[in-house]
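Have a go at each task before reading the solution.

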Amino acid sequence: NGQVKFTGWLLLAALLFWPIAGMTKLPVAIYWPIMQMIILSAVVFRLYAYDKRQAIHHGLRVPQTIMQLGELAGGWPGAFVAQRIFRHKSTNKSYQSIFWGIILIYQVIGADLFFDGKHSKEIWRAMGEFEIMEQIFK
């Protein structure tokens, strides 16, 4: 097992900036989405630990889809830390492209929410779900 270097913690802090900034604009107390992210990060971290142990001992693995859904639901910070500590999934190029795509989604949505949600509203409108954004930004 490894450790997270100082530069890794700095990168994580930078990557959390826009998602947390965007959360401040949601019509709920900020601790709810932050608690969700912390809980999901802990779950995803444990999934990485379990999967790494299973990979070493040739046991039943956690499907990548499950891990990536946990990251997409908000557990990507836990995955970020787990990849550095367990050195797991960090060199799998296809996995990493999806992982960083998820982080990019969080950056874009967080920044958009912070700056009035204009683009998010257009996406929801195109999907025929504009009422959701109207509820968020009343």
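**Exercise 1.** Is F86 buried or exposed?

*Solution.* First, a note on the ground rules: this is a predicted model, in which local features need pLDDT of at least 70, side-chain atom pairs count only at pLDDT 80 or more, and totals for chains, interfaces and linings use all residues. Residues are numbered from 1 along each chain as its sequence is written, and side-chain values use heavy atoms, with hydrogens and water left out. Next, recall the cut-offs: buried means under 20% relative accessible area, exposed over 50%, and partly exposed in between (1.4 Å probe, protein chains only). F86 has a relative accessible area of 11%, so F86 is buried.

**Exercise 2.** Find the aromatic pairs and classify two of them.

*Solution.* Start with the rule: rings of Phe, Tyr and Trp (its six-membered ring) pair if their centres lie within 6.5 Å; planes under 30 degrees apart count as stacked, over 60 as edge-to-face and the rest as tilted. The structure holds 10 such pairs. In one, Y31 and W32 have ring centres 5.3 Å apart and planes at 45°, so this pair is tilted. W32 itself is exposed, at 55% relative accessible area. Now take F45 and F86: their ring centres are 5.1 Å apart and their planes lie at 50°, so this pair is tilted. F45 belongs to helix 2 (residues 31–56) and F86 to helix 3, so the pair ties together parts 41 residues apart in sequence. F45 is partly exposed, with a relative accessible area of 24%. Helices here are DSSP runs (H or I, at least four residues), numbered from the N terminus.

**Exercise 3.** Which ring does the charged end of R84 sit over?

*Solution.* The test asks for NZ of Lys or CZ of Arg within 6 Å of the ring centre and within 35 degrees of the ring normal. R84 sits over the ring of F80, 3.6 Å from its centre. K25 lies over the face of F114, at 5.0 Å.

Note on methods: Helices (H or I, at least four residues) and strands (E, at least two) are DSSP runs, numbered from the N terminus.
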